[in-house]
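Work through these exercises with the model open beside you. Try each task before you read its solution.

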Amino acid sequence: MHTYCTRAAPSEALPVRTVTIPSNAKWLQNGDTVVGGNGQGSQLNQIYYPYSLCVDEDGTIYVSDRDNDRIVEWKCNAKSGQVVAGGNGRGKENNQFNCPTDAILDKKTDTLIICDYRNRRVMRWPRRGGTSGEILISNVSCERLTVDDEGFLYISSPEEHVVRRWRLKDNSVEIVAGGNGKGNRLNQLDWPTFIFVDRKQCLYVSEWNNNRVTMWMKGANEGIAVAGGNESENDSAQLNRPAGLLVDQSGTVYVTDHGNNRVLCWPKGCKKGRVVVGGNGRGNQ
């Protein structure tokens, strides 16, 4: 495994719900290493199974360094990172994680909201100077999360094949995608991972095992396939283990096609996507 992150496109603070990308935008085909690149390990210039990242407006990157059980902050052009959450060994104390899989910034409270996957909880940590976190939600299957403009927190639960929405003020929760068992019907999900919510509260879900991205309108009982959904191959009409995703102002879906080592741009209503980054085989060049 090559443990580093690369940058090949303009960054935005995440989570984002409105992204303006010109229809004729082009990306450099050679990325820059911005995090890690010094082999797998636990030193501050290394990462071990980076599972997700978010980027602040100033270019600071926050990496969920999963197998080091920590969240690491990397300033723009830095040669090493700084631990801002966890890093105290694997465990279930409030200063520890057990495989953190996602983190997002809460700019209102200047905190990080983190999926502590194997401890089955969501935690909030101060972004600066924190030595421990607080548990926001316990006993929950959680892998990825995002928030909307009204402050609702969305959590994907792959093992349960659902996405839930929480209102933290009163701890109320509802299923907003899936909930009808594992499957490939449009009212079902199969291993949902990355999620994205736009300003209309339309929810986009990467389905790892269904090789598709579905869009669930607010209050909908089923989704609409907006990318993939065909057999998992490397044709531009197909996805193979879709992962990270972003949706721009026109409804174009940008999705990481994990199994094909590429990023696809999938315009709204199109039957095929086009490769914008990668697609040159697996490697570290």
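**Exercise 1.** What is the order of the four strands in the open sheet, and how do they pair?

*Solution.* This is a predicted model: local features need pLDDT of at least 70, side-chain atom pairs count only at pLDDT 80 or more, and totals for chains, interfaces and linings use all residues. Residues are numbered from 1 along each chain as its sequence is written, and side-chain values use heavy atoms, with hydrogens and water left out.

Step 1. Find the strands, which are DSSP runs (E, at least two residues) numbered from the N terminus.
Step 2. Read the order: β19-β20-β21-β22, with antiparallel pairing. Two strands pair if DSSP finds at least two bridges between them.
Step 3. β19 and β22 (274-278) each pair on one side only.
Step 4. Check one pair. Four bridges join β21 to β22. Arg-262 has Gly-278 in β22 as its bridge partner.

**Exercise 2.** Is Gln-201 buried or exposed?

*Solution.* Step 1. Locate Gln-201 in the loop between β15 and β16 (203-207).
Step 1. Apply the cut-offs: buried is under 20% relative accessible area, exposed over 50%, partly exposed in between (1.4 Å probe, protein chains only).
Step 2. Gln-201 counts as buried because its relative accessibility is 9%.
Step 3. Find its polar partner. The side chain of Gln-201 makes a polar contact with the side chain of Asp-148 (2.8 Å). Such a contact is a pair of N or O atoms within 3.5 Å; within protein, one must be able to donate a hydrogen and the other to accept it, and residues adjacent in sequence count only if both atoms are side-chain atoms.

**Exercise 3.** Which side chains does the side chain of Arg-124 join by polar contacts?

*Solution.* Step 1. Go to strand β9 (residues 121-126), the place of Arg-124.
Step 1. Arg-124 counts as buried, at 15% relative accessibility.
Step 2. Its side chain makes a polar contact with that of Thr-109 (3.2 Å). Another, of 3.0 Å, joins the side chains of Arg-124 and Thr-111.
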